[in-house]
Amino acid sequence: MRLLWLSALSCNGNVHSLLNYPQYEQWQKGFEWLYHPLLPSLHTFEEVEDGVKGCDVLIVDGTLEQNLLKHRRPFSELLERYATEAKHILTVGTCATFGGIFAKGEAGRTGVHFCGEARRGEYEWFWQKSISLPGCPVQPEALAGTLSLLAAGEPIPLDELRRPKYYYAYTVHDGCTRNEYFEYKIDEHRFGTLEGCMFYEHGCQGTYTHGSCNKILWNGLNSKTRNGQPCMGCTEPDFPKEGLWSTPKHMGIPVRMPLGVPRRAYLTLAGIAKAFRIERFYKPLMEEE
Amino acid sequence: MARTRLELIEKIEGEAEVLYEYEGERISFAQIRFLNSRHIEKILQGREPLDALVINPRVCGICGHAHLIATVRALEDCFERVPLSQKAEAVREMTLSLELIQNHFKWFYLTVLPLLGLEAPIQRALEPSRLAGEMIALMAGQYPHNSYAIPGGITGEITPVDLLEFRARLERLKLLFRQSLIDVDLEAFVRCERIEEMLSKEGDLPRAMRHILKRGWERVGQSLDHFIVFGGGGLFTEGKSIGTRLQESINLRYLKEEALEGNAAKRVSYRGRYYETGPLARAMVLKTPLIREAHRRYKDSLFSRILARICEVPRLLRYLETLCDGLDLSEASYTDPGPFPASAQGTGIVEAARGSLIHRVTIEEGRISRYQIVTPTQWNLGNGTRENPCPAQKALMGLQRNDPAELVFKAFDVCSVCTTK
């Protein structure tokens, strides 16, 4: 399967993230790069500008900007040409999908199909063959895996934002080692410890962010939340919010509820959970007997 | 009328353009252009200071960690005093060093070897950089793009189990260094001062350097011979070196940044002069024996530049070992520095793979009112005039038709994303 990677306004983070895919060498045998921003490819960028044939999957990363010029040609021209030919289009990373951080830099910056949560009409004609792989950066397993599934002709169930459910039906909260602190509503959390949940004070968005960070661990080993960093919701259309390190609250209750949880039900549940007051959670894990 | 040619430089971090001017077959002048700006500095304005810890790693996909550490140091500098444990400091140094290692491997195998026409199996770049990424992830949650360093320390707690996993990978990295780059004892290589000794070993580094000598390129790409290093304290020492004349004290007061028309990268100077920053500059300031010898013979050429970068790897590996050995896990990972000052200014400096990276933040009424980032690329790839060129320009000037201009240019480890501010 032949891949062509086009970067708009990008930090190259998605490119480097894919290089960390543990099975990269094995994986790449099934694919050929017509163009990749870093790795050896069949064509130069100038040849890509002039037009090359054979693109099966177009990978787009980075934020779009009106009148963005790559070298000699507008980015939009390249995007349209290769989107016409490609069987599939992957918007990789939050920038290409929703606009991401760099969309905050200037008016008129967007993702391919979305501007934040709003659907754009411009590229409606290839919406049906597009797949969204948000993340800042994308998880390498989500990118490599989606490409492998496409190559195998496997059907991929997608959600309404066209994210593959295999990777985005989970929340970042799923598999977090700090889950028990969340469940029993223990709202104390200090940085630099193994204990505590960051949902209550430190802005963690893991309970309503779609992503596999705690299911498929980063670099095969760890995740932000396991490490004690709040999930910043980097796969979501509204990334990055303001005031990322604190939890917005109303009358002492977090404003945003876990995915699908009604506020009233949460309050009831929180009251019951808190009433357990399980002693082991109030001691350091390493001292627990 | 001089002939000109516009060339696209790709497969760097992003793309750049160079407009070459020729006199006959000789490059008489070169202008370097970075076309796009992502406006990170503007995006930070009006935000809460801690948001910078999340936004700034996204300045660069390969040096994001350096941006995180520069950010946290700038933010900590805003406090009167931040109680930082030695453990937190050491762990930050560890992850920062690992980012340099992955960068050096990727640059050597993905950029340099192909330009020399030498076989460059990508797994020799990918396996060590993946390992370095895993080691960062053990300490910092994930790589790239984490926000684990916060004012007062680090977000995670390191257990002896993490350290075991870390050390196992460090051993593997050391083995890979010997297996692929140069088969020599790490300790001996750091002290080595004879080019011939390096050339006589097995490995891709001596192979590449022998190839450069065979092609007669060892003196190609000489530049200003002015070096600067702002980030001292860890493995590196701050200072500047004009040729081999070393001056240890430098002051950020003399740094000047100017915007350039039609270019997304501002240029920077120190006391009105342009300087090269990065591995060669660090080696010149540290007086690394082998690099001093390369410099004595071939000046600040692409030979010295390539050798200097790879010579950092064993130093970094040894540094990692020392940091591991000295780590006292019973110390606190984090000590609350208290509320963020409502008004303050701070500066954070790190040595990133490509050179000195400087972040400066101004806080007013609890919000970021100004954020300024000076990247290594601005030093190395700035645009001066014909009479007073910046380092990469100078290195390109005078090159003849058969000289490897792209290699000369990329020996500076060109990055376009880190200029797009």
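In this predicted model, the structure holds 12 cavities of 30 Å³ or more. The largest cavity has a volume of about 210 Å³, and 18 residues line it, with A:Lys70, B:Gly14, B:Glu15, B:Asn36 and B:Ser416 lying nearest its centre. By kind, the lining of the largest cavity divides into 7 nonpolar, 7 polar and 4 charged residues. Strand 2 of chain B gives the most to this lining, with 4 residues, and that strand will be taken up again below.

The second largest cavity contains about 160 Å³ of space. Of the 18 residues that line the second largest cavity, those closest to its centre are A:Cys213, A:Lys224, A:Cys231, A:Met232 and A:Cys234. The lining of the second largest cavity is made up of 8 nonpolar, 8 polar and 2 charged residues.

The largest pocket has a volume of about 460 Å³, and of the 20 residues lining it, A:Phe191, A:His202, B:Leu50, B:Tyr334 and B:Gly338 are the closest to its centre. In the lining of this pocket, 12 residues are nonpolar, 5 are polar and 3 are charged.

Strand 2 of chain B covers residues 14-23, and because 9 of its 10 residues are buried, strand 2 is largely enclosed by the rest of the structure. What lies on either side of it in the pairing of strands? Strand 1 of chain B, residues 3-12, pairs with strand 2 of chain B in the antiparallel sense over 8 bridges, and the two form a hairpin with 1 residue between them. Within this pairing, B:Ile12 stands opposite B:Gly14 of strand 2, and B:Gly14 is also among the residues nearest the centre of the largest cavity.

Strand 2 of chain B is also joined by 7 bridges to strand 3 of chain B, residues 26-33, and these two strands run antiparallel. Their hairpin has 2 residues between the strands, and in it B:Gly24 takes a positive phi near 65°. Two of the positions can be followed across this pairing: B:Tyr22 has B:Ile27 of strand 3 as its bridge partner, while B:Glu17 stands opposite B:Arg33 of the same strand 3 of chain B.

In soluble globular proteins, nonpolar side chains tend to be buried together. Here the largest nonpolar core has 178 residues, among which A:Trp27, A:Leu90, B:Phe108, B:Phe189, B:Met198, B:Ile306 and B:Leu307 touch the most other members. Helix 4 of chain B, residues 86-115, supplies the largest share of this core, with 15 residues. A second, separate core of 26 residues includes A:Leu4, A:Tyr35, A:Ala83 and A:Ala86.

Leaving aside its neighbours within four places in sequence, B:Ile306 is in contact with B:Trp107, B:Phe108, B:Val112, B:Met209, B:Ile212, B:Leu407 and B:Ala411.

Two loop residues of chain B complete the tour. B:Ser301 is found in the loop between helix 11 (289-298) and helix 12 (302-326) of chain B. Is B:Ser301 buried or exposed? B:Ser301 counts as buried, because its relative accessibility is 0%. Apart from its neighbours within four places in sequence, B:Ser301 is in contact with B:Glu218, B:Arg219, B:Val220, B:Gly221 and B:Gln222. The C-alpha atoms of B:Ser301 and B:Glu321, which are 20 residues apart along the chain, are separated by 31 Å.

B:Val82, in turn, is found in the loop between helix 3 (64-76) and helix 4 of chain B. With a relative accessible area of 19%, B:Val82 is buried, since buried means under 20% relative accessible area. Leaving aside its neighbours within four places in sequence, B:Val82 is in contact with B:Glu76, B:Pro151, B:Gly152 and B:Pro337. The C-alpha atoms of B:Val82 and B:Phe340, 258 residues apart along the chain, are separated by 11 Å.

Methods: Residues are numbered from 1 along each chain as its sequence is written. Chains are lettered from A and ligands numbered from 1 in the order in which they are written. This is a predicted model: local features need pLDDT of at least 70, side-chain atom pairs count only at pLDDT 80 or more; totals for chains, interfaces and linings use all residues. Side-chain values use heavy atoms; hydrogens and water are left out. A nonpolar core is a set of buried Ala, Val, Leu, Ile, Met, Phe, Trp, Tyr and Cys residues joined through side-chain atoms within 4.5 Å. Buried means under 20% relative accessible area, exposed over 50%, partly exposed in between (1.4 Å probe, protein chains only). Contact means heavy atoms within 4.5 Å. On a 1 Å grid over the protein atoms alone, a cavity is a set of points where a 1.4 Å probe fits but cannot get out, and a pocket is an open set with protein on both sides within 12 Å along at least five of seven lines; lining residues have an atom within 4 Å of a point. Grid points are joined across faces, edges and corners, and a volume is the space filled by probe spheres set on the points. Ala, Val, Leu, Ile, Met, Phe, Trp, Tyr, Cys and Pro count as nonpolar, Asp, Glu, Lys and Arg as charged, and the others, Gly among them, as polar. Two strands pair if DSSP finds at least two bridges between them.
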